[in-house]
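Trainee: I would like to learn how to read a few features of a model with care. Could we begin with what the terms mean and then go to the case at hand?

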Amino acid sequence: MPLSLQLAGIGRMVREAVESRLEQAGLSVRLLGVMGHLFASPGLSISELARRARVSAPSMLAIVRQLEADGLIERTSPAGRGNTAQLNLTDAGRRARLRANEALSALDGVLFGSLAPDQRDALREALQQVGTVLVDTAARSSTSPERGR
């Protein structure tokens, strides 16, 4: 079986397990991802968050509105035409992010607990390398002059 097909099947099952754990915490992969970007880089705008998450600005606006309504992020600049929203996690958002990461760490223990530490490190490194190839490939195809022909 091709490794890519095997990884796709395992990835689907892992994603389902991750989504289930996050759902129990009232979050999703997408919401937690946005919160992670704001944790690492407070004050980002909606358009910058959209670029980092690789989604459209209107899609990101919907995510931001949901996180704001849930009290997990806040605007630190006035909303309105011409104003770039600067977004930050609230205290509740930082606590929710921490709980979600703890739940996912527990899931990691279940999924990867049978692996020796050096095997987990090797798996992490291999997945990072594959991710880099995918990101580089996507970047090349989005800047290709043949795109859109």
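Mentor: Let us start with a cut-off: a residue is called buried when its relative accessible area is under 20%, and exposed when that area is over 50%. Keep in mind, too, that what is shown is a predicted model.

Trainee: With that cut-off, is Arg54 buried or exposed?

Mentor: Arg54 has a relative accessible area of 58%, so this residue counts as exposed. Arg54 belongs to the loop that joins helix H3 (46-53) to helix H4 (57-69).

Trainee: Staying with H3, which of its residues are buried?

Mentor: Ile46, Leu49 and Ala50 are the buried residues of H3. Because they cover an arc of only 100 degrees around the axis, they lie on the same side of H3.

Trainee: And what do the buried residues of H3 pack against?

Mentor: Their partners are helix H2 (29-40), H4, strand S1 (73-75) and strand S2 (87-89), so far as contacts are concerned, with heavy atoms within 4.5 Å as the criterion.

Trainee: How should I read the pair H1 and H5, and at roughly what angle do their axes cross?

Mentor: For such a pair one looks at the distance between axes, the angle, the handedness and the residues involved. The axes of helix H1 (residues 3-24) and helix H5 (residues 91-112) come within 9 Å and cross at roughly 140 degrees, and the crossing of H1 with H5 is right-handed. On the H1 side the contact is made by Val14, Ala17, Val18, Arg21 and Leu22, while H5 contributes Ala100, Ala103, Leu104, Ala106, Leu107, Val110 and Leu111. By class, eleven of the residues in this contact are nonpolar, none is polar and one is charged.

Trainee: Finally, how many helices and strands does the whole protein have?

Mentor: The protein has six helices and two strands, which follow one another along the sequence in the pattern α-α-α-α-β-β-α-α. Its C-alpha trace spans about 55 × 45 × 25 Å along the principal axes, and 22% of its 149 residues count as buried. The protein exposes about 10,000 Å², of which carbon and sulfur atoms supply 54%.

Note on methods. Residues are numbered from 1 along each chain as its sequence is written. This is a predicted model: local features need pLDDT of at least 70, side-chain atom pairs count only at pLDDT 80 or more; totals for chains, interfaces and linings use all residues. Side-chain values use heavy atoms; hydrogens and water are left out. Axes are lines fitted to C-alpha atoms, for helices over the stretch in contact, and angles run from 0 to 180 degrees between N-to-C directions. Helices (H or I, at least four residues) and strands (E, at least two) are DSSP runs, numbered from the N terminus. A crossing is left-handed if the near helix is turned anticlockwise from the far one by less than a right angle, and right-handed if clockwise. Ala, Val, Leu, Ile, Met, Phe, Trp, Tyr, Cys and Pro count as nonpolar, Asp, Glu, Lys and Arg as charged, and the others, Gly among them, as polar. Buried means under 20% relative accessible area, exposed over 50%, partly exposed in between (1.4 Å probe, protein chains only). Accessible areas come from the Shrake-Rupley method with a 1.4 Å probe; for residues, only the protein chains shown count as cover. The arc is that of the directions from the helix axis to the C-beta atoms.
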